[in-house]
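This briefing sets out selected features of a single protein chain, grouped by topic. The sequence and the structure follow directly.

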Amino acid sequence: AQEFADARLENAVIIFSDGTIKRYSGGLTGVLMGVNFAGSLKGAYVTHNHPLGSDNEYSFSNEDIQFFMDNDLEILRGIDEFYVYELTRNAGELDEHMTLEELLQSEGRDARHEKVIDIARQYGIGYRRKKR
């Protein structure tokens, strides 16, 4: 996934549960939403980028989270110019909320991250984000 981390368009690599690996390319704001996988994504590992200039909030969108849940993915990973973030089926892999001091010192890229922590907790899934 590192090869398309800074790509201008959204790309995705899927490792299917049978070990098959496929790469998909899309536009500025999406790649996987229009593809019909006919239920074949259960247990898959999906990595995609959020391109510079897209509506990226430095975490997962509601559509990304719904895609993870609806398709019963094992892992959904996102990457942008600053972060790598991951949804997993392991609820124990959950970032802690930032302190107020950390939020005040942040550069405005953490509001969505904080919200996704709450969404992950609500769904009983894992969510982590780290700097690239």
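Predicted model: local features only at pLDDT ≥ 70, side-chain atom pairs only at ≥ 80, totals over all residues.

In strand β2, Y24 is the bridge partner of A12. This pair belongs to an antiparallel pairing of β1, residues 11-15, with β2, residues 21-25, which extends over 5 bridges.

**The β1-β2 hairpin**
- Strands β1 and β2 form a hairpin in which 5 residues lie between the two strands.
- Within the turn, G19 has a positive phi of about 95 degrees.

**Overall architecture**
- The protein chain contains 3 helices and 6 strands.
- Read from the N terminus, the order of elements is β-β-β-α-β-β-α-α-β.
- The protein chain has 132 residues, of which 42% count as buried.
- Of the contacts between residues at least 6 apart in sequence, 60% join residues at least 24 apart.

**A44, a loop residue**
- A44 is located in the loop that runs between β2 and β3, the latter spanning residues 45-49.
- A44 has a relative accessible area of 0%, and therefore counts as buried, since the cut-off is under 20%.
- Leaving aside residues up to four places away in sequence, A44 touches I14, I15, F16, S17, L73, E74 and I75.
- One of these contacts is with L73; the C-alpha atoms of A44 and L73 are separated by 5.1 Å, although the two residues are 29 residues apart along the chain.

**The second largest pocket**
- The volume of the second largest pocket is about 210 Å³.
- Two elements, α2 (100-105) and β6 (126-131), each give two or more residues to the lining of this pocket.
- Strand β6 supplies the largest share of the lining, with 3 residues.
- By residue class, the lining of the second largest pocket comprises 2 nonpolar, 3 polar and 7 charged residues.

Key:
Residues numbered from 1 in each chain as written. Heavy atoms only, no water. Helix = DSSP H or I, 4+ residues; strand = E, 2+ residues; numbered from the N terminus. Buried < 20%, exposed > 50% of the residue type's maximum accessible area, 1.4 Å probe, protein only. Contact = heavy atoms within 4.5 Å. Pairing = 2+ DSSP bridges. 1 Å grid on protein atoms, 1.4 Å probe; cavity = no way out; pocket = protein on both sides within 12 Å on 5 of 7 lines; lining within 4 Å. Points joined across faces, edges and corners; volume = space filled by probe spheres on them. Nonpolar A, V, L, I, M, F, W, Y, C, P; charged D, E, K, R; others polar.
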